[in-house]
Amino acid sequence: MGKLVVLKIIDGSFDHGFTAMLQIGHEGERPFVETTGKLPPLPEMPLYYSRWQDTYWRLDSRYRISAKKGQNPNVSLTEDCNNAAQMLKARFNAWLLADEFRPLREKWLERLSPDEDIRVILQTEDSQLRQMPWHLLDFLERYAKAEFALSALNTDAPPQPRSPNKAHVNILSVIGNSDGIDTQADQALLTSLPKAKVSTLLEPDRRHLTDELWREPWDILFFAGHSSSHGDRQSGKIFLNKTDSLTISELKYALRKSVENGLQLAIFNSCDGLGLARELADLRIPQIIVMREPVPDRVAQEFLKYFLGEYAKGTPLYLAVREARERLQGLEHQFPCATWLPLICQHPAVMPPTWHDFIQPEPEPEPKPDPFSIRRTLTIALVSSLAVASVVCGLRAWGVLQPLEFAAFDQMTRLRPEEAPDPRLFVVTIDDEDVRSQQQTENLQGSSISDRNLARLLNLINAHQPAVIGLDVHRDEKASSQYPQLIAQLRDNPNLITICKAGYDKANPYGIAPPPEIPPQSFRVGFSDFVMDSDEVVRRHLLAMSPESLGESRCQFPTAFNVELALRYLQPYLDINQTGFAREWDENLKLRLTQQPQNLPTVPHGYWGGGAKPKTDNWQPYEVLFSRLRSRQGVYQGLSGDAYGTQILLNYRATRQPNHVAVSRPLRWFLSQEKPPAAEELKNLIQGRIVLIGVTARDRDVFKTPYGTELDQRVPGVFLHAHKLSQILSAVLDGRPLLWMWSPWVDLVWIGGWALTGGCLAWMLCSRKTRRSVVPQMALAIGLSTGVVYGICGGVLVVLGGWIPFVPAALALGATSTGVAILLTRQPVQSLDLIYSR
């Protein structure tokens with residue numbers, strides 16, 4: 001991408017100095033560098049220019065009047081002109097080396113590379129500054145692809161360029177008064193241009209020229225003939241024929257209409273064009289090329305030849321002008337300062353067009369018919385779909401796609417609408433501050449809560465009639481005999497459920513025993529173990545373990561802690577002997593409710609994988625089935641069920657944060673001596689609820705979840721138990737969907753269906769489109785189709801609780817469509833229209 005440099009001379013004069021601003025940016029973008037500086041006063045600078053101008057105008061070959069054959073220029077005048085030019089150049093560069101201008105010069109050298117394409121635009125309203133030879137700057141010589149242009153400081157917005165809709169460049173060539181000028185060479189150069197339609201007006205009158213400008217849209221306006229500038233070069237006129245001359249203001253409406261119709265470039269290959277350029281710029285003509293002083297006829301012809309030759313080849317406008325201007329150096333022995341004459345005047349907001357921008361690209365020819373039939377292309381699509389589906393399913397079976405599927409599921413999980421905390425639960429947390437304060441006053445003996453504080457807490461909670469108490473704190477040693485009330489609570493309280501750790505993992509093979517005060521066979525202990533996926537994220541809910549899997553563990557209780565709490569809470573609603581039955585299942589957990597729970601207005605909604613009966617006017621008993629994960633089911637292709645117990649997917653409660661699954665208070669809030677909690681508040685928090693007591697210290701018992709894996713995003717185990725407990729209660733009492741996955745055969749059909757969809761998309765697009773148009777069409781089709789797959793998977797997860805394979809389906813879709821497109825575009829495919837016409 002090229003660079004655009006804008007040097008703005010904001011105000012000032014040579015007598016008082018100028019204020020300057022430099023802007024540097026990429027083409028078509030806002031400038032990324034902007035700095036200001038000063039140019040010091042130099043009253044004599046206009047005198048240097050006038051001295052050079054006087055010597056130049058006294059040369060013999062001016063106003064495009066050819067020297068006679070064999071005539072040599074006046075040697076004395078040529079030397080005077082060259083000396084004046086060198087003096088002007090030296091003084092001009094010395095002026096730009098001033099300290100006040102140094103910030104701009106250094107920023108230029110710092111931010112611009114010599115090998116970059118650079119357009120430099122000087123914006124100023126000062127007519128004397130516009131005449132200066134800016135192309136002779138010393139530090140510009142190192143930039144071979146840079147060229148200067150002039151622009152007004154205050155410009156109106158340019159008209160929007162029209163899209164090309166023609167196969168040629170429209171050029172209006174106006175040949176004015178040709179006395180002493182060889183304009184036939186100009187006409188020959190224009191007519192020889194490739195893909196150009198040239199309309200020539202030879203010495204027209206004013207009405208004829210105006211009519212042509214209004215008649216049709218022109219891309220380029222060309223004028224050759226005599227012209228001049230007036231009024232300190234603020235205006236100019238052209239000589240149409242031997243009797244008529246015309247100012248630009250007298251062509252204002254015709255030229256404005258031509259600009260609206262798409263005029264992009266005006267070339268005035270005539271003398272003294274700065275005044276013309278100033279008036280043409282006011283009419284918002286985007287690009288103008290003029291000669292700054294009288295131009296010899298030979299110089300004008302050679303410049304036009306060099307410029308059009310480069311420009312028609314596709315060279316950018318600025319580079320074409322620079323190359324043509326520099327090639328005039330070969331004529332400077334006869335025509336001094338010829339390289340000074342060509343000048344671009346540019347609207348700063350317009351990107352100069354190339355020659356090819358004027359022309360509408362030719363459409364590619366339709367492919368020729370050949371014997372490649374519909375049946376053959378369709379066979380390629382079907383076979384490719386089957387092959388890709390097989391490969392994707394194979395990769396999935398080997399677990400290659402599992403990390404991607406986990407990431408997609410976690411992202412969709414976080415998109416679910418927010419749910420309120422479970423009103424049936426209340427959590428007592430033991431955080432870092434609680435542990436630190438106890439360490440100062442209590443003997444913790446490696447625990448997180450002392451016997452004295454635990455006894456006080458349990459007495460306080462029991463006094464407000466909780467439904468169940470869950471103690472998620474490991475206590476494998478006997479309580480101190482100093483606290484008989486604590487021993488009695490652990491031994492005799494039927495609503496107190498405690499934990500042990502099975503320790504089926506290698507890090508802790510023998511686990512942690514339950515509190516020794518709990519009587520055996522009391523159904524008041526559950527294991528606290530979690531199962532984690534390969535990325536250590538908890539996405540599954542372990543309900544129970546078989547006795548064989550417990551082995552020699554110190555924890556010989558096969559039911560999960562959260563399941564024991566749920567069964568105790570649901571006991572008033574369950575079928576007779578349900579509690580005992582629930583601990584003897586071998587595969588699935590089935591809960592049958594025979595009494596209507598309070599605040600349950602209707603039978604729960606039916607859901608896939610649950611067992612709820614349809615809604616009826618009267619409440620009826622119903623069953624909720626918690627189906628265990630099977631081997632090769634969904635993303636868990638390597639799951640060996642018996643080794644990991646009975647487990648289901650964990651449907652987290654979608655609260656604002658995972659720790660907000662239930663209302664919670666820290667331990668110090670209960671035991672505070674200064675501000676003890678009010679009895680009414682305790683009653684509202686505890687009565688009839690399941691109260692969980694657990695550790696939330698940052699360095700203990702924290703787990704990764706779909707809601708975050710960083711250390712500060714991990715969830716304490718007590719809140720994970722709360723999510724699992726809420727899942728069971730919400731499924732039974734509220735009809736909240738359990739998460740489910742399809743059987744392997746249904747997954748196979750789903751993945752194969754999207755592979756087939758991708759193959760059919762590629763087949764249809766490649767059969768009807770050219771090779772070049774297939775790529776964007778296929779990219780759009782794949783993107784939209786992948787979005788549809790994502791929408792279906794996300795919608796089913798949010799509304800119905802189904803974990804449908806997104807990554808395998810999207811991979812099958814993209815791989816099949818891409819593969820089929822490559823196969824079909826590498827062969828001469830006959831379009832369907834041609835096949836159908838047979």
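This is a dialogue on how to read several features of a predicted model.

Reader: Before we turn to details, how many helices and strands does the chain have, and what percentage of its residues is buried?

Author: The model is predicted, and its secondary structure comes to 26 helices and 26 strands. Of the 838 residues in the chain, 54% are buried. Among the contacts with a separation of 6 or more, 76% are between residues 24 or more positions apart.

Reader: How is a pair of aromatic rings described?

Author: The description of two aromatic rings rests on the distance of their centres and the angle of their planes. In this structure the count comes to 26 aromatic pairs. One of them is formed by Trp108 and Tyr143, which are edge-to-face, with 6.1 Å from centre to centre and 70 degrees between the planes. This pair links distant parts of the chain, since Trp108 lies in helix 3 (residues 102-111) and Tyr143 in the loop between helix 4 (127-131) and strand 5 (146-151), 35 residues apart.

Reader: Why do Trp108 and Tyr143 count as buried?

Author: Buried means a relative accessible area under 20%. Trp108 counts as buried because its relative accessibility is 4%, and Tyr143 counts as buried because its value is 1%.

Reader: Why is the pair of Trp669 and Phe670 called edge-to-face?

Author: Planes over 60 degrees apart count as edge-to-face. The planes of Trp669 and Phe670 stand at 90 degrees, with the ring centres 5.0 Å apart, so this pair is edge-to-face. Both Trp669 and Phe670 are buried. Elsewhere, Phe14, Phe18, Phe92, Trp95, Trp134 and Phe148 form one aromatic cluster.

Reader: Which residues of strand 5 point one way and which the other?

Author: Ala146, Phe148 and Leu150 point one way from strand 5, whereas Glu147, Ala149 and Ser151 point the other way, and all are buried. Because 6 of the 6 residues of strand 5 are buried, this strand is largely enclosed by the rest of the structure. Phe148, which points one way from strand 5, also belongs to the aromatic cluster.

Reader: Which strands pair with strand 5, and over how many bridges?

Author: Strand 4 (residues 118-123) pairs with strand 5 in the parallel sense over 6 bridges, and the bridge partner of Arg119 in strand 5 is Glu147. Strand 14 (residues 342-346) also runs parallel to strand 5 and is joined to it by 2 bridges, with Ala149 standing opposite Ile344 in strand 14.

Reader: Which ring does Arg119 lie over, and where does the charged end of Arg539 sit?

Author: Arg119, the residue whose bridge partner is Glu147, lies over the face of Tyr318, at 5.2 Å from the ring centre. The charged end of Arg539 sits over the ring of Phe406, 4.0 Å from its centre. Phe406 is one of the buried residues of helix 12, among them also Gln402, Glu405 and Ala408. Helix 12 (residues 402-413) has 12 residues and reaches 16 Å from its first C-alpha to its last, which is close to the 16 Å expected at 1.5 Å a residue.

Reader: What is the order of the open sheet of 3 strands, and which strands stand at its edges?

Author: The order is 9-10-11, and the pairing is antiparallel. Strand 9 (227-230) and strand 11 (245-247) stand at the edges with a single partner strand each, so one side of each is left without a neighbour in the sheet. From one strand to the next, the twist averages 25 degrees. Strand 10 (residues 235-239) is joined to strand 11 by 3 bridges, and Ile238 stands opposite Leu246 in strand 11. Helix 8 (residues 274-282) packs on the sheet, where it touches strand 9 and strand 10, and its direction makes about 105 degrees with that of strand 10.

Reader: Is Ser228 buried or exposed, and what is it in contact with?

Author: Ser228 is found in strand 9, and it counts as buried because its relative accessibility is 13%. Leaving aside neighbours within four places in sequence, Ser228 is in contact with Ser235, Gly236, Lys237, Phe239, Cys271 and Asp272.

Reader: Where is Arg298, and which residues does Arg298 touch?

Author: Arg298 has its place in helix 9 (residues 297-311) and is partly exposed, with a relative accessible area of 39%. Not counting residues up to four places away in sequence, Arg298 touches Leu331, Gln334 and Phe335. Arg298 and Phe335 are 37 residues apart in sequence, and from C-alpha to C-alpha they are 8.9 Å apart in space.

Terms used: Residues numbered from 1 in each chain as written. Predicted model: local features only at pLDDT ≥ 70, side-chain atom pairs only at ≥ 80, totals over all residues. Heavy atoms only, no water. Phe/Tyr/Trp six-rings, centres within 6.5 Å; stacked < 30°, edge-to-face > 60°. Helix = DSSP H or I, 4+ residues; strand = E, 2+ residues; numbered from the N terminus. Buried < 20%, exposed > 50% of the residue type's maximum accessible area, 1.4 Å probe, protein only. Lys NZ or Arg CZ within 6 Å of the ring centre and 35° of its normal. Pairing = 2+ DSSP bridges. Axes fitted to C-alpha atoms, helices over the stretch in contact; angles between N-to-C directions. Contact = heavy atoms within 4.5 Å. Expected span 1.5 Å × (residues − 1).
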